Amino acid sequence: MALLEVRDLGLAIAAGGRLLPVVRGISFAVEENETLGIVGESGCGKSLTALAIMGLLEDTAIRITGGSIRFEGRELLTMAPAERRALMGNRMAIVFQEPMTSLNPVYRVGDQIVEVLRQHRDLSTSEARERTLRLLEMVQVPEPEQRVHSYPHQLSGGQRQRVMIAMAIACDPRLLIADEPTTALDVTVQKEILELLQDLQKRMGSAIVLISHDLGVIAETCDRVAVMYRGTIVEEATAGELFANVAHPYTRGLLASIPPADRDVEWLEAIPGRVPAVDQEIPGCAFHPRCPFVRDLCRTARPEGRDFAPGHSIRCHFPREWRT
Amino acid sequence: MTAPLLQLRDLRVHFRTGRGGLFRRRRILEAVGGVSFDIHRGEVLGLVGESGSGKSTIGRTLTRLERPTGGEAIFEGTDILALTARAFRPLRRRIQMIFQDPFASLNPRLTIEQTLAEPLFIHRLARDRSEARDMIAETLELVGMDPDAMKRHPHEFSGGQRQRIGIARVMIVKPRLVIADEPVSALDVSIQAQVLNLIKKLQRESGVSMLFISHDLGVVRYISDRIAVMRRGKIVEIGDRNRIFDSPRHDYTRRLLASIPRLPPAPN
Amino acid sequence: MNGLISVLRSVRERRLATIGLIWLALVCIAALGAPLLAPFDPLDFDPLARLAEPGWPHLFGTDHFGRDTLSRAIYGARMAVLIGTGSVFVALVVGGIVGMLSAYFTKLGHLLMRAVDVLMAFPALLLALVLMTLLERSVVNTIIVIGTVYATTTARILFGMTLKLKGEVFVEAAICSGAGHASVLFRHILPNLVSPLLVQASFIFAFAQLQAAALDFLGLGLPPEVPSWGNMLSEERIYITRAPWLLIFPGTLIILTVFSMNLLGDAMRDSIDPRFRKDVKGV
Amino acid sequence: MLGYALDRLLTLVPTLLAASLLVFLFVRLIPGDPAAILLGDAATPEQVAALTRELGLDQPLWKQYFLWLGNILEGDFGTSIFFGKPVLAVIADSAETSILLAVTTMGWIVLIGVPIGILAAVRQGSWIDQATSGLAMLMASVPTFWLGLYFILVFAVGLGWFPSSGFPSITGEGGLLNLRYLVLPSLTLAAPNAALIIRLVRASMLDVSREDHVRTARAKGLHPLRVAIKHIFRNALIAVAGAFGFTFAALVSEAVVTETVFSLPGVGRLVVQSILRRDYPVIQGVILIVVVFYMFVNLLVDLAYARLDPRVSLK
């Protein structure tokens, strides 16, 4: 049994009395000790999936339209709110993209970590403070004795993100979701944060779901990768298999779109067009209007998920068409 | 070799942070601490650095959106930093800027035609509306947009399209120097590639000089002829693109390059 | 123009705001057509019918001089509209110019905004009282005084909003295109302020009614013979038990008018640029 | 923090000077001989001549101002025409009523405004929210004197629960029980202001609830009520605290109408009566003191901001 199992999860945005699907039945599983990367462009539904797993879609315009999310064998979507809250920040935790705004500006960072410890662990204030110091050491915040008394705005972006991570791992979560954890940071800081996450995972043995728009970040950090496009996972495999044998034209297009820093490229092979608006229904394969290898079948029939190679699944009628 | 189009000499920019007072010291922040470089005709100089390195401030100072505290910028023989605002206005046609945020850089109340016609009338490049309209249609096609777009308002366009319109606004006045301040960093990867290709193509075709500011080393490598690496308001290293990437001399450049996540090549 | 349309659309979507709009239209009709609509002369004494109860021919009774309450109330609508629009006009024009220019031309602005600060050191009602002491009691002076009081707040608000817009990328882009001060101010900044100003105007209109009524009540507003709702309440307050209609009727008119304006402003506020939503605060 | 406070205090000085200049000019703007105006109609030519010399009215205007300012700083606000005693003493007599009225009113505003505002925000969109929001707007649309008159009619005249007018000092006979005289006036004065606070608390909380850090708080597994109070309301308080301060500062002058309706011997009523009596020295004195009070409270508000929002003072 996987630690986290998402099955046919459907999410829709409620707008003007209509429900517009944004995540269209995605399934994946994450094991302990594993890092799953979910990559895709904005609007593909990757962050909403993260919020759905964490149970943070309440009070938003997003509705869960179907499917199941099982965590440690228990169904989350039908769980009582109190029971679910007992898991949040405890067995499962999340690190958000914006370290600038994700911490409460009026409380000292130490107190914000203490809060989550006291919520889920039966600790005295001084025990919680002691543990907070150790957590800040773990995430390599310099001079933790001073930093616990700092307010968020007194820290740099990288330090704030370390505090967010300390808060997330405070209760030894089995699942850590990192939603674009380094997007707002400089490359040198990004590298440190990603190394920290990998290091922590080794020590704690928890599962990580890393969500990013940056294929480079995903390629460097993840064991398995799921590529999302317009609410579906179009390709999924272990990182090694995926990048060695890219099979979906979208994945290939994404890779070709990124100007590499380690070699010269004269022209980028950009994916033409853009992601259709949410309220636009696309018959057949959602990617067909932008696909350079489109054929008639793609315009009418929605491709089902299938195995392209062992452990490498794909949603495409004509994978690796560029080879032929 | 002819004289450079722009010679920047010892540019310094300082910001005051917060309000000071008799009982509190006002802090002075050095955003740019003595930067010099040349941009030659037809050349793209990439300016790369992390946030707070002062790279954007240089671009904003050259378009006089920010006041320098020292230094000079000789553009075609005149020090544009020493001119009065009034005297600089005609020169604005020659030095244009592409902004980062395509959602904020277009006035939501104006149609695309109104936005694009503005510089034409200011700089007397069009005599009347019909001539302006022809030039706008031509420029929109140049940036890969349907000329019908001119009748619409910014909110009807996607981020990539708006950035194309922003580029059209710059190219329509036929500038000599374009300052591109993180022009693609707000865009999704697939759109970013389209816009980068467009900028590169337009630069090649028009031979305009460009100061291309970005935090993304891959992007800078793709577009620039020469590259300057900035850190804390100073240039730590400047040189030809391949020299910087293949044999970086400064520690910071090396650290920067080592931090970039490695990306597998796209299959062919 | 687009702003106006979207504002009106947002109003239509709210039933309560629509009712408010209808009420305000009725007030305007009463104001314009007062001589035609009023059954009696609002100043005519009828010594035989003093404090007459509502009935025929005085539908809403008479006051202690025997003047027809309904007719006075209809003429009162005239004063309400006049004072409201007049104050809005003074506040928006004076406050608007000061606020916008101060934010745009920083050196001048520093000076002007300090002056606004000084005026804002006087609480609103006190400032109105002081100014009224210096001036004769008249309609125009009441408008000037209330307009001035709200001109200070309007200047503050506009200062803030203009400053925000001035830092907008599209304004910088216009400057980079070579646009001059006039073009930046009137083409790029002002049109983006129209809808928030409209919201502000509706709140000023509402406040002005209450302020005018308070001044009337204190005997420092409109001249006592002018038939305004505030004066009606002020003069007849001692008859609150003997002739309750004399207070219920004009009081309700004020409340309905202010309430409608507030509803309208509130509905419009939701339709404007979220950046400015906090700036225009009504009730 | 101390530096911040001192700086804020220092910036008040020029504003205060300018405001005092306006107050000074106020009497000079009234047509006629200022000395005659300040002495009232009953003054003899000798008295006028004496005051002209005392105030330096034969000197240039700027000298007159500094002379006047110097007197004020020494506590000499002049003599009331009507009462014939020092202005400061006249104002002191009405201060107790004004302060007690402002404090009780503030109590109502907080007691009514905050809980209802929180409730409306937490139950956003529910019937409770709609009802309270509508009621709040209605409360803000009622002229205070009208409300006061009906309070008197119902609760004083009709039900006889509270006295309808006046306020004997709490130091006199009856002691603290005399505060019952202030129940109706303070409720009258509180109504529109509480309405404002209800709407502000609600709006600020809704604003804050959209911020990222609230999502972080939810992700910690905290109880929704804890999120609402400790995270949302605590941040909303930054905006609300300002409104509390401005409201309190304005209450003294806003009380003009209420004090008139309930015949309370407060500063507000003193202003109105002095205006009607043309007792200019008193008007001048009251305005000056109210302005200083108003600015002082605003200073406290700024300092409260700095306490509530660590980003303000430490930046």
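Residues are numbered from 1 along each chain as its sequence is written, and chains are lettered from A and ligands numbered from 1 in the order in which they are written. In this predicted model, local features need pLDDT of at least 70 and side-chain atom pairs count only at pLDDT 80 or more, while totals for chains, interfaces and linings use all residues; side-chain values use heavy atoms, with hydrogens and water left out.

Chain A contains an open sheet of four strands in the order S2-S1-S4-S5, with antiparallel pairing. Strand S2 (18-30) and strand S5 (74-75) of chain A are the edge strands, each with a single partner strand, so one side of each has no neighbour in the sheet. Strands are DSSP runs of E of at least two residues, helices are runs of H or I of at least four residues, and both are numbered from the N terminus; two strands are taken as paired if DSSP finds at least two bridges between them. Strands of a sheet pair through backbone hydrogen bonds, in either the parallel or the antiparallel sense. Two bridges join strand S4 (residues 62-71) of chain A to S5(A), in the antiparallel sense. Arg74(A) in S5(A) is the bridge partner of Phe71(A). Helix H1 (residues 46-54) of chain A lies across strand S1 (4-15), S2 and S4 of chain A, and runs at about 110 degrees to S1(A). The axes behind this angle are lines fitted to C-alpha atoms, for helices over the stretch in contact, with angles from 0 to 180 degrees between N-to-C directions.

Chain C has twelve helices and zero strands. The C-alpha trace of chain C spans about 75 × 45 × 30 Å along its principal axes.

Between chain B and chain A, 37 residues of chain B are in contact (heavy atoms within 4.5 Å) with 41 residues of chain A. The area buried between these two chains is about 3500 Å², of which carbon and sulfur atoms give 56%.

Four salt bridges are counted between chain B and chain A, a salt bridge being a side-chain nitrogen of Lys or Arg within 4 Å of a carboxyl oxygen of Asp or Glu. Arg241(B) forms a salt bridge with Asp264(A), with the closest N and O atoms 3.8 Å apart. In the salt bridge of Glu266(A) with Arg204(B), the closest N and O atoms are 2.7 Å apart. This pair crosses between chains, from Glu266(A) in the loop between helix H10 (249-257) and helix H11 (296-300) of chain A to Arg204(B) in helix H6 of chain B. Over all chains, the count comes to 50 salt bridges.

There are 16 residue pairs in polar contact between chain B and chain A, both residues at pLDDT 80 or more. A polar contact is a pair of N or O atoms within 3.5 Å; within protein, one must be able to donate a hydrogen and the other to accept it, and residues adjacent in sequence count only if both atoms are side-chain atoms. The elements that give two or more residues to the side of chain B that touches chain A are helix H6 (189-206), helix H7 (217-223), helix H8 (241-246) and helix H9 (251-259) of chain B. H6(B) supplies the largest share of that side, eleven residues. The residues of this side divide into 17 nonpolar, eleven polar and nine charged. Ala, Val, Leu, Ile, Met, Phe, Trp, Tyr, Cys and Pro count as nonpolar, Asp, Glu, Lys and Arg as charged, and the others, Gly among them, as polar.

Between chain D and chain C, 44 residues of chain D are in contact with 42 residues of chain C. Chain D and chain C bury about 3700 Å² between them, 82% of it on carbon and sulfur atoms. Met137(D), Phe145(D) and Trp146(D) supply 16% of the area that chain D buries against chain C, more than any other three residues. One salt bridge is found across this interface. Asp266(C) and Arg199(D) form a salt bridge through their side chains, at 2.6 Å from N to O. Six residue pairs in polar contact are found across the interface of chain D and chain C. H1(D) gives the most to the side of chain D that touches chain C, with nine residues. That side divides into 34 nonpolar, six polar and four charged residues.

Conventions. Buried area is the accessible area (1.4 Å probe) that two parts lose on being put together, summed over both.
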